[in-house]
Amino acid sequence: MNENLFASFTTPTMMGLPIVILIIMFPSILFPSPNRLINNRLISLQQWLVQLTSKQMLAIHNHKGQTWALMLMSLILFIGSTNLLGLLPHSFTPTTQLSMNLGMAIPLWAGTVITGFRHKTKASLAHFLPQGTPIPLIPMLVIIETISLFIQPVALAVRLTANITAGHLLMHLIGGATLALANISTSVALITFTILILLTILEFAVALIQAYVFTLLVSLYLHDNT
Amino acid sequence: MPQLDTSTWFITIMSMVMTLFIVFQLKISKYLYPLNPEPKPTTTPNQLSPWEKKWTKIYSPLSLPQQ
């Protein structure tokens, strides 16, 4: 049963061809790029959502931080659309792959840290020592702050991977349990209801994207501006 | 756990980088947010004479009290 359970998380290949490339690129088809002044409903809706989100998200940044607007918007659209498409039955979700999440988290986090180092060297080094610490505690606190800094990208990647993977696994398990119980008793109605609620809660995968980009954004803010 | 099989990591990361950093950003960079259209004023504002445009206008001969 273990083998069968994790089988949906292997990167899909079709006769040796890695179609994972096509799967990762698929959500970009759902966002057409228009060339008109007045667009159709779908594109207008997407543009309006992007404008709403970007205004909300870039409000706390200064001029330097707002140059990251395009990057942050494409990040939230990519992760959001990928997670939502993964809720369809029998689909493959690329964000369950630790490789992809590490590939997203590490370069972006490193970019924020290096930006802070280049432009405000003293301020970014000062992050390692909070204000008002007693002198004997300083070496230990610097070590702790360094560890907490370096754990940020790992936490970003593993958080996204674990949440999406766990949600998918739970849906598999509960769906299988429902099918098995259907022949036995009518308490299946209760379990089906649990599946429904779980799916709805999992739709808050979108909230997870919010968490991802928000975390990244807070990190950018702290490193760049403070 | 199949996610820890590193043989597929390279191609996953490469295609993700391609999609995220190039394709999506090209699409979003094409979004236009024009300002709302406003009617253009039909009357032109009052045009100033050349001696009224300079700060030394109080000393220009035409604006001094005439003798």
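The accessible surface of chain A in this predicted model comes to about 13,100 Å² (Shrake-Rupley method, 1.4 Å probe). Carbon and sulfur atoms hold 72% of that surface. Of the 226 residues in chain A, 38% are buried, that is, under 20% relative accessible area (1.4 Å probe, protein chains only).

Local features need pLDDT of at least 70 and side-chain atom pairs pLDDT 80 or more, while totals for chains, interfaces and linings use all residues. Residues are numbered from 1 along each chain, chains are lettered from A in the order in which they are written, and side-chain values use heavy atoms, without hydrogens or water.

Chain A has 9 helices and 2 strands, taken as DSSP runs (helices H or I, at least four residues; strands E, at least two). From the N terminus, the order is α-β-β-α-α-α-α-α-α-α-α. Contacts are heavy atoms within 4.5 Å. Among those in chain A between residues at least 6 apart in sequence, 72% join residues at least 24 apart.

Chain B meets chain A through 26 residues of chain B and 38 residues of chain A. Together they bury about 3,000 Å², the accessible area (1.4 Å probe) lost on being put together, summed over both. Carbon and sulfur atoms account for 76% of this buried area. Gln3(B), Phe24(B) and Tyr31(B) supply 22% of the area that chain B buries against chain A, more than any other three residues.

Methods:
Buried means under 20% relative accessible area, exposed over 50%, partly exposed in between (1.4 Å probe, protein chains only). Buried area is the accessible area (1.4 Å probe) that two parts lose on being put together, summed over both.
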